[in-house]
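User: Hey, can you walk me through this model? I'd like the overall fold, then any pockets.
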Amino acid sequence: MRYVKVSWSHDFPDEPVLYLSELGEDGYEVRKVQVYRDGRCEWADETFETATVGLSEIPFPPLADISSQPEFTAELITSEEFERAWEGARLNS
C-alpha cells in the first residue's frame, strides 16, 4: 500500500482542500478522506461513498504530475498519518 496527500489551494467554499488516499499495489484508491476548509471530513471506501466523495475509477496519477499543476501539492505520507485522518473522518461522519 502507498499513502498520499494532495493539497488543493483554491477559493471554492464547498470543495475539499485536502485529499488523503490509500492506494493498492495496482495504483487504484482503496480508501479516501476529503477535508474541507471548515474542518468537515468525508470518506469513501470500496463499500461506501456519497454524492460528494467516492473512489476514483482510474489509477492514481504520478505525484509529480499532480504537483506540476500550481494549485496542487502532492506527497507521500505514512500509513499512520492516513489512519489518523481515516479514523477522524469516520468518527465525525
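User: What share of the contacts between residues at least 6 apart in sequence join residues at least 24 apart?
Analyst: That share is 44% in the protein chain, with contact meaning heavy atoms within 4.5 Å. Keep in mind that this is a predicted model, where local features need pLDDT of at least 70, side-chain atom pairs count only at pLDDT 80 or more, and totals for chains, interfaces and linings use all residues. Residues are numbered from 1 along each chain as its sequence is written, and side-chain values use heavy atoms, leaving out hydrogens and water.
User: OK, and how many helices and strands are there?
Analyst: The protein chain has two helices and five strands, in the order β-β-β-β-α-β-α along the sequence. Those are DSSP runs numbered from the N terminus: helices are H or I with at least four residues, strands E with at least two.
User: How much of the chain is buried?
Analyst: Of its 93 residues, 42% count as buried, meaning under 20% relative accessible area with a 1.4 Å probe, protein chains only.
User: Switching topic, what are the spans along the principal axes?
Analyst: The C-alpha trace spans about 30 × 30 × 25 Å.
User: Now the lining of the largest pocket: how do its residues divide?
Analyst: They divide into nine nonpolar, three polar and two charged. Here Ala, Val, Leu, Ile, Met, Phe, Trp, Tyr, Cys and Pro count as nonpolar, Asp, Glu, Lys and Arg as charged, and the others, Gly among them, as polar.
User: Which strands each supply at least two residues of that lining?
Analyst: Strand 1 (2-8), strand 2 (16-23) and strand 3 (29-36) each do.

Notes
Buried means under 20% relative accessible area, exposed over 50%, partly exposed in between (1.4 Å probe, protein chains only).
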